[in-house]
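The sequence and structure come first.

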Amino acid sequence: MVTKIMNDKIYDISIIGGGPAGMFAAYFARLRNLKVSLIESLPKLGGQPETLYAQKHIYDVAALPKISGTDLIKQLTEQLNLMNCDQYLKTSVSSIVRKDNLWELTTNHETIYTKAVIIAIGNGAFQPRRLTFDYDPTLESDQLNYFVNNLDDFAGKDVLVAGGGDSAVDWSIDLSHVAHHTSLIHRRNNYRAMESSVEKLNRSQVEQLNPYIIKGVNFNKSNSRKIDVTLKMIKSDETKVVTADKLLVNYGFVSDSKILNDWNVELQGPFIKVSQEMETNLPNVFAIGDIVTYPGKLQLIATAFAEGPIAVTKALRNLYPDKDFFQHSTSLFEK
Ligand SMILES: Cc1cc2nc3c(=O)[nH]c(=O)nc-3n(C[C@H](O)[C@H](O)[C@H](O)COP(=O)(O)OP(=O)(O)OC[C@H]3O[C@@H](n4cnc5c(N)ncnc54)[C@H](O)[C@@H]3O)c2cc1C
């Protein structure tokens, strides 16, 4: 029996995904004295803020007026390290299977046994939405970017940013502080970004090119380090070519949560359906963060932070029904 063989290695809760949702849930579960493992496929904790927008600023986390993606993850790591929590990095969970009232998690390394699971895999293996026309793939080695890894790569350059959502607007503002010239290309006159960011954009040095779509990207014929980006005006035959050093495409991300199809969790589109207490259809399997859907769900860090404690508390009630439940963190620390 799994339970007898592995007793000392059985976790109360195993959290799959070490983004903001998983990190805070792990900390909260440790605060409640549970035996916890946090499993992350990347070599580093941090999820989207660390991997996709380390240097972009976040303005909508309570009590933090302005913080970069990477600094938010540093703070979460510091908080998590206050508690001992087993962390499995470079460890990808490929399946979850019910065995003897436990969950058996198969990973690319060891097998992990746990009483409850919290799925916090964000968008799963996320990929940027790419330009839909053919272009020379070598452009992606420098001139054509889907991520900003380092703002310095854009310093002093002529930069085009494409997109109309939060990341395109935020990036164009941030890049305008380091680039020689920044333009934002969007197919509409209105943006799908936070009002305060749009106000900032309108006050910034960013040149707004709307309503245009990108029709082609090619190496510039007289300077192969530069690119010619062909723009077409919406509902018009007018086209123009803009020469730049770099194009940053921010058309959002396509989620690849296909792995979930094999986990038997009930999905709604690409998302996991959860109850008010973050329960999935499977016993003691919860889900939190960007991967979940419920009426009113917002894909924000603030919401992900709230969902972790709800899932942990419900798991605690299920696993240890006789335990005293509601406690504030101060009383937990004092113990
Ligand atoms: C460009 C951009 C800007 C944003 N700006 C803001 C903002 O200003 N404010 C805000 O509130 N939100 C912002 N967001 C959204 C915010 O980042 C997400 O809501 C948040 O990261 C969700 O956290 P999560 O932990 O659910 O998912 P993620 O951050 O996606 O983390 C999930 C983690 O799970 C891991 N994982 C996936 N599959 C497996 C597996 N099978 N096994 C093990 N590990 C796995 C992934 O590697 C990843 O590290 C932004 C998002 C983007 C893309």
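Which polar atom lies 3.1 Å from the backbone oxygen of N264? A polar side-chain atom of N281 does.

## Basis of the model

The model is predicted: local features need pLDDT of at least 70, side-chain atom pairs count only at pLDDT 80 or more, and totals for chains, interfaces and linings use all residues. Residues are numbered from 1 along each chain as its sequence is written, and side-chain values use heavy atoms, without hydrogens and water.

## The loop residue N281

N281 sits in the loop between β20 (271–273) and β21 (285–287); strands are DSSP E runs of at least two residues. Its relative accessible area is 43%. That counts as partly exposed, the range between buried (under 20%) and exposed (over 50%), with a 1.4 Å probe and protein chains only.

Beyond its neighbours within four places in sequence, N281 contacts N264, V265 and E266 (contact: heavy atoms within 4.5 Å). The N281 side chain also reaches the backbone nitrogen of E266, at 2.7 Å. L267 is 14 residues from N281 in sequence, and their C-alpha atoms are 9.5 Å apart.

## The ligand shell

The ligand is surrounded by 32 residues, each with a heavy atom within 4 Å of it. The closest are E40, Q48, Y53, D60 and D290. By class, the shell has 15 nonpolar, 13 polar and 4 charged residues. The largest contribution is from α3, with 3 residues.

Ligand oxygen atoms lie 3.2 Å from a polar side-chain atom of K56 and 2.9 Å from a backbone N or O atom of I301. Taken alone, the ligand exposes 1,000 Å², and the protein buries 91% of that.

Definitions and conventions: A polar contact is a pair of N or O atoms within 3.5 Å; within protein, one must be able to donate a hydrogen and the other to accept it, and residues adjacent in sequence count only if both atoms are side-chain atoms. Accessible areas come from the Shrake-Rupley method with a 1.4 Å probe; for residues, only the protein chains shown count as cover. Helices (H or I, at least four residues) and strands (E, at least two) are DSSP runs, numbered from the N terminus. Ala, Val, Leu, Ile, Met, Phe, Trp, Tyr, Cys and Pro count as nonpolar, Asp, Glu, Lys and Arg as charged, and the others, Gly among them, as polar.
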